[in-house]
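Here is a short report on one protein chain. Keep the sequence and the 3D view open while you read.

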Amino acid sequence: MKKRIRKLILIPMKLKIYLKGYKYSYTYSTQIDVQKSINDPIYDCKNNIIGTLNILEACKKYKIKNDHSSSAAVYGQPNYLPVW
């Protein structure tokens with residue numbers, strides 16, 4: 001059963017309760033809008049760093065395997081598309 005978590009990543013206790021019993025976690029939680037990062041770096045930090053840390057801590061607690069993916073935004077403007 002696939003479920004998406006939005007905003008829950010910033011509430012560690014609820015996140016841990018939600019993830020209990022799962023075997024795998026696929027994390028695509030980072031905020032990828034570069035302009036939003038520039039305009040609101042606090043939000044970006046909370047979502048990207050604290051949110052990811054909360055997910056990893058929950059996975060550690062319940063021995064859940066985690067696959068964390070990043071966006072292409074971390075690499076800057078691509079020279080060609082598609083970026084593989």
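**Basis**

This is a predicted model, in which local features need pLDDT of at least 70, side-chain atom pairs count only at pLDDT 80 or more, and totals for chains, interfaces and linings use all residues. Residues are numbered from 1 along each chain as its sequence is written, and side-chain values use heavy atoms, with hydrogens and water left out.

**Whole chain**

The protein chain has three helices and two strands. Helices (H or I, at least four residues) and strands (E, at least two) are DSSP runs, numbered from the N terminus. Read from the N terminus, the order is α-β-α-α-β.

The chain has 84 residues, and 23% of them count as buried. Buried means under 20% relative accessible area, exposed over 50%, and partly exposed in between (1.4 Å probe, protein chains only). The accessible surface is about 7,000 Å². Carbon and sulfur atoms hold 59% of that surface. These areas come from the Shrake-Rupley method with a 1.4 Å probe; for residues, only the protein chains shown count as cover.

Contact means heavy atoms within 4.5 Å. Among contacts between residues at least 6 apart in sequence, 60% join residues at least 24 apart.

**Helix 3**

Does the length of helix 3 agree or disagree with its residue count? It agrees: at 1.5 Å a residue, the 22 residues of helix 3 (residues 41–62) should span 32 Å, and the end C-alpha atoms are 31 Å apart. The expected span is 1.5 Å times one less than the number of residues.

Helix 3 has a kink of about 25°, centred on Ile50. The bend at a residue is the angle between axes fitted to the seven residues ending there and the seven starting there.

The buried residues in helix 3 include Asp44, Asn47, Asn48, Gly51 and Thr52. Asn54, Ile55, Ala58 and Cys59 are buried in this helix too. An α-helix has 3.6 residues a turn, so residues three or four places apart point the same way. The cover over the buried residues of helix 3 includes helix 1 (12–19), strand 1 (24–27), helix 2 (34–39) and strand 2 (65–68).

**After the helix**

Lys63 follows helix 3. Lys63 sits in the loop between helix 3 and strand 2. Its phi is positive, about 55°, although Lys63 is not a glycine. Most residues other than glycine have a negative phi. Lys63 counts as exposed because its relative accessibility is 74%.

**Core and cysteines**

The largest nonpolar core has seven residues: Ile9, Leu15, Leu19, Ile55, Ala58, Cys59 and Ile64. Helix 1 and helix 3 are the elements that give two or more residues to this core. Helix 3 gives the largest share, three residues. A nonpolar core is a set of buried Ala, Val, Leu, Ile, Met, Phe, Trp, Tyr and Cys residues joined through side-chain atoms within 4.5 Å.

Leaving out residues up to four places away in sequence, Ile64 touches Leu19, Tyr22, Lys23, Tyr24, Ser25, Ala58 and Cys59.

Cys59 counts as buried because its relative accessibility is 4%. Cys45 is partly exposed, with a relative accessible area of 35%. The structure holds zero disulfides (pairs of cysteine sulfur atoms within 2.5 Å).

**Partly exposed residues and their distances**

Val34 lies in helix 2. At 46% relative accessibility, Lys46 is partly exposed. Leu53 is partly exposed at 44%, and Val34 is partly exposed at 47%. Lys46 touches Leu10 and Gly51, with residues up to four places away in sequence not counted. The table lists C-alpha separations.

| Pair | Apart in sequence | C-alpha to C-alpha |
|---|---|---|
| Lys46 and Gln31 | 15 residues | 9.7 Å |
| Leu53 and Ile9 | 44 residues | 8.8 Å |
| Val34 and Asp44 | ten residues | 9.4 Å |
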